[in-house]
Amino acid sequence: MSVWAELPFGKNLRDRRFQALAAALLLAGLAIVVPPLPLTRSGVSVLAVVDITGSMNVRDYTRDGRPASRLDIAKAALRDLLPELPCGSRLALALFTERRPFLLFAPIEVCADFAPLDGAIAALDWRMAWEGDSRVASGLHRAITMAGELDTDLLFITDGQETPPLPANGIPPFEGRPGAVRGLIVGAGGHALAPIPKFNDRGRETGFYAETDVQQENRFGPPPADAESREGYNPRNAPFGGAAARGEEHLSSVREPHLKALAAQTGLAYAHLDGPDSLRAPLLAAATPRPLPGRLDPRPFLGAAALALVLASFLAGARRARLTPFTPSRMS
């Protein structure tokens, strides 16, 4: 038999409840004196640019069993993204319409400023657009410049539909250095053509755009390769032919080949917007990890562990008392 077992309190030292309470006392003491520990995490700094042009009103998504527009899903995806980003990450917000982005506010911290960020995203509306055109390539190029000036990565959400359509010579040249700004182009919308809602001056929906309502061909710049075979072609007076252009520009789908070409041109990544919860993984894969100095406070964990040991000790004691049979004392 050991020396400890011969002592009066040796039995207590071997008791599991006593050991649990002693450990709880130690953990409680550590919770009082242990300081927060330095911790470095990875976060992101992002400029989010949202296309608010007319084609983003196309309702080719479904949410909660009801049709939802591309803009609604883009907003929901950004709002769902915010709590998924590590504290210390920063987000700036801008609108895109016509041919350039408009910055709403510079990067702010996603945890401390969560409420104003969430409110600003929720308030985005197609009525904020100042022009009806949608020159996506030009807007993306300018958004890259803006992100570089803000020292952020870029998140550009658009369906990729150019209005007016691109000229025959294709997308405009990119004057920056591909890959100098990292980020993600997100294609919003379904892959099947869908009608574009039409609104009056008071913002009330009045139907859908028809073929004659929308410019079907861009006739600036050099004519297309098939121009000579068109009816009424004249190299001087009618280089695009003599008939009105026909097409499907009044219908809309995500222009994925165009957006992938822009991604290749600028060095950005591309992902399709599958739903409100589809932004986090592709964004973190494309963005620049930025070290965020922080602290890990172990005191709540130590206190919780001490409380758990105390509760376990009392529950074990109550169970033991319930299982021990009652033996009445004998009286002489």
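Which residue stands opposite Phe-96 in E6? I looked it up: Pro-101 is the residue in E6 that faces Phe-96.

Ground rules. I am reading a predicted model, in which local features need pLDDT of at least 70, side-chain atom pairs count only at pLDDT 80 or more, and totals for chains, interfaces and linings use all residues. Residues are numbered from 1 along each chain as its sequence is written, and side-chain values use heavy atoms, with hydrogens and water left out.

Entry on the sheet. I take helices (H or I, at least four residues) and strands (E, at least two) as DSSP runs, numbered from the N terminus. I call two strands paired if DSSP finds at least two bridges between them. I found an open sheet of 6 strands with mixed pairing, in the order E6-E5-E2-E7-E8-E13. Strand E6 (100–109) and strand E13 (269–272) are at the edges with a single partner strand each, so one side of each has no neighbour in the sheet. Neighbouring strands are turned by 20° against each other on average, direction ignored; axes here are lines fitted to C-alpha atoms, for helices over the stretch in contact, and angles run from 0 to 180 degrees between N-to-C directions.

Entry on E5. I checked burial, where buried means under 20% relative accessible area, exposed over 50%, and partly exposed in between (1.4 Å probe, protein chains only). In E5, 7 of its 8 residues are buried. E5 and E6 run antiparallel and are joined by 7 bridges. They form a hairpin with 2 residues between them, and Glu-98 in the turn has a positive phi of about 65°.

E8 and E13 pair in the parallel sense over 4 bridges, and I noted Val-186 opposite Ala-271 in E13.

Entry on helices. Contact means heavy atoms within 4.5 Å. Helix H6 (residues 136–150) lies across E2, E5, E6, E7 and E8, at about 155° to E7.

Entry on the core. A nonpolar core is a set of buried Ala, Val, Leu, Ile, Met, Phe, Trp, Tyr and Cys residues joined through side-chain atoms within 4.5 Å. The largest one has 34 residues, and Leu-78, Leu-91 and Leu-155 are among those with the most contacts inside it. H4 gives the largest share, 6 residues. Leaving aside neighbours within four places in sequence, I find Leu-91 in contact with residues including Val-46, Phe-105 and Leu-117.
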